[in-house]
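Thank you all for coming.

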Amino acid sequence: MLPSIDLRIANIVKALEQVVLPALTARERLAKDQVNLCIGHLQMIAQQWRWAAAFEAGSFHAMIALAEEMQPSVDASYAEELGQAIATAKAVEGHDLAAVEHAIVALGGLIDRIILGEDGQVALAPAIWEAVLSYGEKQSLRERTWFAATGLDPDRKELPSIAEVMAG
Amino acid sequence: MAIDMSEIGEAPPVDRVDIWNREDMEPRIREILDRTVRDRVKGPYAAKTDMEVVAMLERYFARTEGLESIRISGVSRMAGGASKEQFAFTLQHEGDPAGERLVLRMDPLEAISQTCRGREAQVHIAFADILPVAPVRSIDADGEILGQPAIILGFVNGVTEPSEGKGHGVSGIGTRYDDWAAKLAPQFVDTLAQVHRFDWRSADLSYFAAPEAGTRQAPIWQVNWWSQVWWDGVVQPVAMVTYAERWLRENAPVCDAPVMCHSDLRLGNFMFEEPSGKFTAVLDWELAHIGDFHEDIAWAIQRLFGTWTDDGTFLVCGLIARDEFLSAYEVASGNQIDPVKLHYYEVLNAYKCAVIDLGQAMRAATESNNHQDIILTWLGSAGAVFLEQLVMLIRKA
């Protein structure tokens, strides 16, 4: 692909840094703030775009794995619905980003319902508590790595690279 | 030792608070959250231009105060503002040709946190003689005249971070105070103590309601507030957020004596003058409510709001070592910190931050309803930091 996505992102960043920002007067505070954030987002997107579909598919597979781990311990009233939801999720094509995002909402919604247990009326087995915590730990590490370039994570220096996370 | 299950079955309830009654929250908070959902479809929202602000203010002062020959000048958008649109301006009129410098703090259609300008005004007025706060000039709590809710404050001089400082970041995060910390830390601790010692029962706080002392209503009101924000705006399900909600309901502690909580007192939310370091204003009272003092302490000690010294010591809000902070607060306030309650509120605050970053910010940006959508998606990127905190804190509980 010519020009490549990387080259176009680099061009936009250069234009913003070297032409747009210097043209703004000190008074244009909102514009300056937003241009700087545009640059930050673009630099982050440059690190992420190659992995975007694979990253979202990885999140989806982790969610399916959580659902499967919950399956033996869920209340009987959820068992059939969860089984069907897992089967539906597994049929989704991993490379179709829109389909994956849609499926995350569908399966995630059911997982939420099970966790809330009809607002506390259905008990949650200890195995499910642990499964969710374990999933939360792995998923938060992936997402912190994905967005480490914001500089907002106080422990960003301890995070692996995106490539390392994707290598799994 | 064997547990007699019959004794557990007959154990009296902690109190009569229904931890799953989602309707149990401050009435004004309910109004604000309902208004958010109702108005969400009115977007997208665009940042106000200086000319629009001038026109709005001229109309406003003519109508509310009957001023004549009004001149609005020196309109200048203020820095920050991840939540509200803020403009400094000068108001002149026939009765005051010299003019006064003021600040318009106005709700965009949807912000990273949806709050009430009326509550903010009342708490500014209540603390006017106690702490440095900007004086309230005018209030349009529901935007009936300006078109969007707003508060107009007196202009206060000062800085939120040292002019020559090394660390700067969005919303103050990452600010390094270095040598300034010695001057600022005692004032920071004293401010927290003053807020918590405040006699809210004798103040005009009609926009507020107080949870019942000696019950779990204080934390449950907070869980109901923020879970409502989450479910009203959720863009994508996050199992850890849902899990935390259940944990917070089932582990809510009794609040013995509700106090006024600032709820966002951290680095970036106080102003000081240079070179004295004296506080000139305590800022951003929009999340203030009556609740458990542990909530404010747990908020201040969050890792995201702290910095590390070169030798690796964590400084609460970039100012003071954690243990030193907790001890100094106990001395200044007379309150004894309960480590179990402090831990609960650390979980609650991580939950609130996750809801704000991954829920409300994402919804507002998705609807294009903010003047700085790009800041919302930037801050939303920090959501996973709080998910990791939730895992760690709940495991430790």
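How many salt bridges does the rule find across the interface of chain B and chain A? Before I answer, please note that this is a predicted model, in which local features need pLDDT of at least 70 and side-chain atom pairs count only at pLDDT 80 or more, while totals for chains, interfaces and linings use all residues. Residues are numbered from 1 along each chain as its sequence is written, chains are lettered from A and ligands numbered from 1 in the order in which they are written, and side-chain values use heavy atoms, with hydrogens and water left out.

The rule finds five salt bridges between chain B and chain A, a salt bridge being a side-chain nitrogen of Lys or Arg within 4 Å of a carboxyl oxygen of Asp or Glu. One of them joins the side chains of A:Glu130 and B:Arg395, at 2.8 Å from N to O.

The contact, meaning heavy atoms within 4.5 Å, takes 44 residues from chain B and 45 residues from chain A. About 3,800 Å² is buried between these chains, 66% of it on carbon and sulfur atoms, where buried area is the accessible area (1.4 Å probe) that two parts lose on being put together, summed over both. On the side of chain B, 21% of the buried area comes from B:Tyr243, B:Arg246 and B:Trp378, more than from any other three residues.

Let me turn to chain A by itself. Chain A is divided into domain 1 (5-49) and domain 2 (52-164), with bounds from an automatic or database domain assignment, and the C-alpha centres of these domains lie 34 Å apart. Four residues of domain 1 and six residues of domain 2 make the contact. Together the two domains bury about 460 Å², 62% of it on carbon and sulfur atoms, and A:Met44, A:Gln47 and A:Gln48 supply 90% of the area that domain 1 buries there. Between domain 1 and domain 2 the count is zero salt bridges, although three residue pairs are in polar contact, both residues at pLDDT 80 or more.

Methods
A polar contact is a pair of N or O atoms within 3.5 Å; within protein, one must be able to donate a hydrogen and the other to accept it, and residues adjacent in sequence count only if both atoms are side-chain atoms.
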